[in-house]
Amino acid sequence: MQDTWEALQQAAERELAAAGDVQALEAWRIEYLGRRGRLAQAMRGLGQLPPEARPAAGAAGNAVKAALTGVYDARKQALAAAEQAPVEETAAFDVTLPGIRPRVGQAHVINQVMAKVMAAFGQLGFRATDGPEVEWDRNNFTLLNLPEEHPARDMWDTFYVGNVGKPGEVLLRTHTSPMQIRVMEQTEPPVRVIVPGKVYRYEATDATHGWMLYQVEGFAVDCRVTMADLKGTLTQAIQLIFGRERRTRFRCDYFPFVEPGVDMAMECHVCDGSGCGVCSSTGWIEILGAGMIHPQVLRNVGYDPEEYSGFAFGMGLDRIAMLLYGIDDLRLFYDNDLRFLRQFR
Ligand code: PHE
């Protein structure tokens, strides 16, 4: 084997010295260092050796590879320098020509808004985490107090993943709330967690609905957490995200995993609450669902509801982005039209 490596290295070095231009160099690289090159082939041949001979032969092979990579880099630099030199010497460089502006990239507008939301909740003491988009029915529904056949399962039109698990056992999460279950099962209170992520719904697409959207889930569990904490935290967060002057409103709503449940609305950013087309003349725009975590959910994750209480909320990130920037069609976020996306710097 040692001989083979030596022979290979010598042949390679001889041919490399003969490679006179960039094309020849590239051909050499593919021949010797490429994925299907001679070195890779020899390495694959190691499997045929008796096991006790493999480590030494492998090490020798790696050494040859390192050596050849080194001489290749040197040769490449030398060739590049040689090809440049005459140009630099002869061609005049016109310093008055305008420069070439580098293209600067940027985060997608949804990611920018996500960062803003995360920063707001970070200030309020929430830790961020994330979780899988392919979920168990157990976490997405059952342990969130939606047992099988619960009619409220219809609140979410679900994509099931047919070829894993038992029928109906695996799905694309319809909301980020299963992360309540995952986090609480793993942690003892106090918990204060925020979870951004994609969710999927079997829905027809229009200006305000998509089959995929972003949510941010948040929840806090500790001794004596009350509705006042929920209202205070969310009011503060919304003000951090949208600016101080926005009024907010809470109304009763129903979600099986909270009791009581609420929806939170924000004064319409277009008409400042006087009523317009965007807010259907109500002056308010709903931005999230929330509530006190249902005692049954706490029991499901092994928390004692006599000892602990908590609140949870879920907001649509796309909705927040639409409100922040006055965008009237959610599909724009995912069409990847750079003329649209470049506006958000
Ligand atoms: N998961 C709910 C939804 O997607 C929102 C929600 C989260 C409501 C947490 C209450 C508490 O509609």
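**View 1. Strand 9 gives the most residues to the shell around the ligand, with three.** The model shown is predicted. Strand 9 covers residues 309-316. In total, 15 residues surround the ligand. The closest are His-175, Ser-177, Arg-201, Gln-215 and Gly-314. By class, the shell holds seven nonpolar, six polar and two charged residues.

**View 2. Polar side-chain atoms of His-175, Gln-215 and Trp-156 face atoms of the ligand at the distances given here.** For His-175, a polar side-chain atom is 2.9 Å from a ligand nitrogen atom. Gln-215 places a polar side-chain atom 3.0 Å from an oxygen atom of the ligand. In Trp-156, the distance from a polar side-chain atom to a ligand oxygen atom is 3.5 Å. The ligand on its own exposes 330 Å², of which the protein buries 93%.

**View 3. The ligand takes up the space of the largest pocket.**

**View 4. Thr-176 lies in the loop between strand 3 and helix 7.** Strand 3 spans residues 170-172, and helix 7 spans residues 178-186. Thr-176 has a relative accessible area of 0% and is therefore buried, the cut-off for buried being under 20%. The side chain of Thr-176 makes a polar contact of 2.8 Å with the side chain of Glu-217.

How values were computed
Residues numbered from 1 in each chain as written. Predicted model: local features only at pLDDT ≥ 70, side-chain atom pairs only at ≥ 80, totals over all residues. Heavy atoms only, no water. Near = heavy atom within 4 Å. Polar contact = N/O pair within 3.5 Å; in protein donor to acceptor, adjacent residues only side chain to side chain. Areas by Shrake-Rupley, 256 points an atom, 1.4 Å probe, with all protein chains shown as cover. 1 Å grid on protein atoms, 1.4 Å probe; cavity = no way out; pocket = protein on both sides within 12 Å on 5 of 7 lines; lining within 4 Å. Sits in = over half its atoms within 2 Å of the grid points. Helix = DSSP H or I, 4+ residues; strand = E, 2+ residues; numbered from the N terminus. Nonpolar A, V, L, I, M, F, W, Y, C, P; charged D, E, K, R; others polar. Buried < 20%, exposed > 50% of the residue type's maximum accessible area, 1.4 Å probe, protein only.
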